[in-house]
Amino acid sequence: PDRAFTTDDGVGFQVLAGGEAGPPPGGACAVALARTTIPPGVEVVVPGMALLYAEAGSGWAAPADGAVRYARAAAQAPGSTAGPWRTLAPDRPGPLTAGSAILLGRADRARVGNDGNRPLRVLHVTIHPAVRPAER
């Protein structure tokens with residue numbers, strides 16, 4: 001990710017996480033930004049194409065299907081940026097703390113669990129083919 005910067009007008013900007021996840025779906029896309037809160041002891045499966053950024057709490061991520069790219073927090077502090085990307089092995093989950101990130105391609109799915117004693121809060125951006133009202 002790029003370093004944070006502030007404009008001459010005092011506007012701050014910081015890329016928290018980013019990477020290349022392959023080509024987007026053809027045609028119109030639905031893009032969403034969500035905040036997911038995972039209670040202690042709970043595990044969820046997240047489908048791709050997605051970028052997740054841990055805001056608070058602690059947990060882990062592992063592949064459910066496909067490749068899961070993971071970046072450990074550069075520093076264990078809220079507002080930290082993610083470090084370099086690596087691919088997680090199915091039997092070696094990556095720890096999630098504030099500033100960690102997960103990147104999923106279209107066919108990938110990740111298991112994300114909370115092994116802490118507080119909620120794990122994750123921002124995530126998804127990109128999927130748009131569904132017309134008649135197709136719902």
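**Sheet, core and one valine**

I started with R69 and found T87 of β8 standing opposite R69. A reminder to myself: this is a predicted model.

Next I looked at the strands around that pair. β7 covers residues 68-71, and two bridges join β7 to β8, the two running antiparallel. I then traced the whole sheet, which is open and has six strands in the order β3-β12-β5-β10-β7-β8, with antiparallel pairing. Its edge strands are β3 (29-38) and β8 (86-87), each of which pairs on one side only.

Then I turned to the core. Which residues of the largest nonpolar core touch the most other members? I found L52, L96, I102, L104 and V112, out of 15 residues in that core. I also noted the elements that give two or more residues to this core: β5 (50-56), β7, β10 (101-104), β11 (109-113) and β12 (120-129).

Setting aside residues up to four places away in sequence, L104 touches A21, V46, P47, G48, M49, A50, L52, A67, V68, R109 and A110.

My last stop was V125, which sits in strand β12. Why does V125 count as partly exposed? Its relative accessibility is 30%, and partly exposed runs between under 20% for buried and over 50% for exposed. I checked its contacts too: leaving out neighbours within four places in sequence, V125 meets V31, A32, L33, M49, A50 and L51. For A50 I noted the spacing as well: the C-alpha atoms of V125 and A50 are separated by 5.5 Å, though the two are 75 residues apart along the chain.

Conventions: Residues are numbered from 1 along each chain as its sequence is written. This is a predicted model: local features need pLDDT of at least 70, side-chain atom pairs count only at pLDDT 80 or more; totals for chains, interfaces and linings use all residues. Side-chain values use heavy atoms; hydrogens and water are left out. Two strands pair if DSSP finds at least two bridges between them. Helices (H or I, at least four residues) and strands (E, at least two) are DSSP runs, numbered from the N terminus. A nonpolar core is a set of buried Ala, Val, Leu, Ile, Met, Phe, Trp, Tyr and Cys residues joined through side-chain atoms within 4.5 Å. Buried means under 20% relative accessible area, exposed over 50%, partly exposed in between (1.4 Å probe, protein chains only). Contact means heavy atoms within 4.5 Å.
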